[in-house]
Amino acid sequence: SNGLLESLPDDSAEALRQARRSAAVGYLAQRAALDRLDPLFEEAGIAWVAMKGTHVRECVYPDPALRAASDIDLLILPEDRRRAARVLLDAGYTAHVEPANISHEATFSQGAVDIDLHWHMLRPGRTRIDMTAELLARRQRTNGVWGLSDDDTLFLMLTHPAFAKYACSPNMGLARVADFLMWVQKRPVDWPAVLQRLERAGLKTAAWVMLGWFRMLAPPHVAATLDGWIDSVRPGRLRAAYLNQWLTRDLPSRWLSRPVLIQFGFTLPMHDRPGDVLHALRGLRQARQNELRDARALMGEGFGFD
């Protein structure tokens, strides 16, 4: 507000104004890209949703430009990935295909706008069943942007960050914390429906970890609500004690330079059953074996990695 800016030293106030202008410019560029792509995807018969910050800011922030997003995350069906890539390329975007991620996503860039195109919510195998089709079937439109349903958005908030590079550490960024805390206070929550999705995905434990991390930063009136949710997804006593050590001792941050240790010591134990762990490991092996196949499914038969 103007009152706050007037109370700050001139250099601090100007820095805030510049940050606000930069955020507004970034939002307008990303929103223009979404508005341009929407009819192109519709014409091509491609169902899509915006995910994560790009969607949440349209739903709970009084001014969406207040919530900066480094890129636009879009989810489509796996069978639509080739056509979606063609739409983006024809619209002037450049593809950036990474072998490590090509099983489920690729990045398309144009100027200052980056689009992360996903055809799976997580790497295949992370969820017990593939949920992409049902997520898209329940999509809803808010402020002109297709997004996940309210329950699916909360489901995503409690699962996707658990397997990200900066899972449950300060490096994950406060924006995700703000997204979650604003969402549970401003949007209706059907917790039994979210719990059902978590059970079917085999990721109740991942949700327990994320809820525990969010609770550390939640105001008291929100923490009281989270306590009930936490109890409904709590894993067994020994696993809960083990994973809690990762949270309270901030081990994901301390061992950030050792991703294999984090994967085997932290993220794999966030699957609900031993069979889910094996399913995730098989998915990782298949993703590595099928990198070229997946790249060609996206970019065409003539594509090859450098």
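Guide: Let's start with a cut-off: a residue counts as buried when its relative accessible area is under 20%, as exposed over 50%, and as partly exposed in between. Keep in mind that what we're looking at is a predicted model.

Visitor: Fine. With that cut-off, is arginine 197 buried or exposed?

Guide: Arginine 197 comes out at 9% relative accessibility, so it counts as buried.

Visitor: And how do I read charged side chains that face each other?

Guide: The general idea is that side chains of opposite charge can pair when their charged atoms come close. The cut-off for a salt bridge is a side-chain nitrogen of Lys or Arg within 4 Å of a carboxyl oxygen of Asp or Glu.

Visitor: How many salt bridges does that rule give?

Guide: The count comes to 17 salt bridges. Aspartate 150 has a relative accessible area of 12%, which means it is buried.

Visitor: Which residue does aspartate 152 form a salt bridge with?

Guide: Aspartate 152 bridges to arginine 197, and their closest N and O atoms are 2.5 Å apart. Since aspartate 152 is in helix H6 and arginine 197 in helix H8, the pair ties together parts that are 45 residues apart in sequence. Aspartate 152 is buried too, because its relative accessibility is 0%. Sequence neighbours within four places aside, aspartate 152 is in contact with Leu135, Arg138 and Arg197.

Visitor: What about glutamate 134 and arginine 138?

Guide: Those two side chains also meet in a salt bridge, at 3.1 Å from N to O. Glutamate 134 is buried at 18%, while arginine 138, at 29% relative accessibility, counts as partly exposed.

Visitor: Where does aspartate 71 sit, and what about its salt bridges?

Guide: Aspartate 71 is in the loop between helix H3 and strand E2. It's buried yet has no salt bridge: lysine 52, the nearest side chain of opposite charge, is 5.8 Å away. Its contacts, apart from neighbours within four places in sequence, are Gln30, Thr54, Asp114 and Asp116.

Visitor: Let's switch to helix packing. At what angle do H7 and H10 pack?

Guide: H7 (residues 174-186) and H10 (residues 220-233) pack at about 85°, with axes 11 Å apart. Angles of 65 to 115 degrees count as roughly perpendicular, and so H7 is roughly perpendicular to H10. On the H7 side the contact uses Phe180, Leu181, Val184 and Gln185, and on the H10 side His221, Val222, Leu226 and Trp229. By class, that is six nonpolar, two polar and no charged residues.

Visitor: And how do H4 and H15 pack?

Guide: H4 (residues 81-90) and H15 (residues 291-299) pack at an angle of about 55°, and their axes are 6 Å apart. That makes H4 oblique to H15. From H4 come Arg81, Arg82, Ala85 and Leu89, which meet Asp294, Ala297, Leu298 and Met299 of H15. This contact has five nonpolar, no polar and three charged residues.

How values were computed: Residues are numbered from 1 along each chain as its sequence is written. This is a predicted model: local features need pLDDT of at least 70, side-chain atom pairs count only at pLDDT 80 or more; totals for chains, interfaces and linings use all residues. Side-chain values use heavy atoms; hydrogens and water are left out. Axes are lines fitted to C-alpha atoms, for helices over the stretch in contact, and angles run from 0 to 180 degrees between N-to-C directions. Helices (H or I, at least four residues) and strands (E, at least two) are DSSP runs, numbered from the N terminus. Angles under 35 degrees count as roughly parallel, over 145 as roughly antiparallel, 65 to 115 as roughly perpendicular and the rest as oblique. Contact means heavy atoms within 4.5 Å. Ala, Val, Leu, Ile, Met, Phe, Trp, Tyr, Cys and Pro count as nonpolar, Asp, Glu, Lys and Arg as charged, and the others, Gly among them, as polar. Buried means under 20% relative accessible area, exposed over 50%, partly exposed in between (1.4 Å probe, protein chains only). Lys and Arg count as positive and Asp and Glu as negative; His and the chain ends are not counted.
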